[in-house]
Amino acid sequence: MNSSRLKQLSILFVMLGIISLLVACGSSEGDAEKEGDSSKNADESGLKDIYTVASDTSFVPFEFKEDGEYVGFDIELIKAIADEVGFEIELETTNFDGIIPGLQTGSFDIAVAGISIKEDRKKKVDFSDPYYQSGLAIGVSSDNDSIKSMEDLEGKTIATRLGSTSATYINENIKNAKASQFEQLDQAYLAVENGSADAILYDAPNVNYYIKTKGDNLKVVGDLYQAEDYGIAISKGQGELVTAINDALATLKENGKYDEIYEKWFGKKPE
């Protein structure tokens, strides 16, 4: 090979090298730009792809286990909200009294478990807009004719759920009553059925649902007391998530999905 031919080949290799380098740089810059855009979008939304959602396992008809699956009004509602916003959820179950502490420590991002919106709780966690209005109901043994109202609970042993607003209500408002608190609601109802408690005081939808489906030996007495709203609890510092959940909840109420879920679990549309 003569020197002229060798020189031409050398120039060709150099040019090919320069072209390859330019293509590689352009590709890297393009990828970096795409990654930057993706990161920018995530930062702008402030939302994650997956959130850990805490719930309870025994608050029928809001959340409970049936045929190995977690079902109920709250479960379907939070799934519908997640679909509307565009994130996935990882459901974790815990006792009710562990939900607020779990949100405070970051173990959970969101909690839906028939949680009443209370001022003391709002100091620890954030809440969505109300999604259900509840109240307290009294359940007694079917043959109990001595308890007919809240006044008749004075001096009685009253079963309820550990860490609930009804437990606080008993201690603060019913004279000489003893709040017998249980981690699992089934235990509270059983206490009334076996006579170790005189009555149960708890959230009306749960009392009504339990007596309708399981509590053949129990009945509801008195009026609806202490009207209160349920909210979705969210760990502090996630303002974008609170807004997104509220927007989704409003959309579900507007498009009829909320009514559909409500009617499925309560047998009627919300008033």
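Biologist: How do the residues of the lining of the largest pocket divide into nonpolar, polar and charged?

Modeller: Rolling a probe the size of a water molecule over the atoms shows where empty space is left. In this predicted model, the lining of the largest pocket has 15 nonpolar, six polar and eight charged residues. The volume of this pocket is about 710 Å³. Its lining counts 29 residues, and Tyr 132, Gln 133, Tyr 262, Phe 266 and Lys 268 are the closest to the centre.

Biologist: Which element gives the most to the lining of the largest pocket?

Modeller: Strand E12 does, with six residues. E8, helix H7 (204–213) and helix H9 (257–266) are also among the elements that each supply at least two.

Biologist: How many bridges join E8 to strand E12?

Modeller: Eight, and the two strands run antiparallel; Ile 138 stands opposite Val 221 in E12. E8 also pairs with strand E11 (residues 199–203) in the antiparallel sense, over four bridges, where Leu 136 stands opposite Asp 203. Of the ten residues of E8, eight are buried.

Biologist: What is the volume of the second largest pocket?

Modeller: About 190 Å³. Helix H5 gives the most to its lining, with five residues. By type, the lining has one nonpolar, six polar and five charged residues.

Technical notes
Residues are numbered from 1 along each chain as its sequence is written. This is a predicted model: local features need pLDDT of at least 70, side-chain atom pairs count only at pLDDT 80 or more; totals for chains, interfaces and linings use all residues. Side-chain values use heavy atoms; hydrogens and water are left out. Buried means under 20% relative accessible area, exposed over 50%, partly exposed in between (1.4 Å probe, protein chains only). Two strands pair if DSSP finds at least two bridges between them. On a 1 Å grid over the protein atoms alone, a cavity is a set of points where a 1.4 Å probe fits but cannot get out, and a pocket is an open set with protein on both sides within 12 Å along at least five of seven lines; lining residues have an atom within 4 Å of a point. Grid points are joined across faces, edges and corners, and a volume is the space filled by probe spheres set on the points. Ala, Val, Leu, Ile, Met, Phe, Trp, Tyr, Cys and Pro count as nonpolar, Asp, Glu, Lys and Arg as charged, and the others, Gly among them, as polar.
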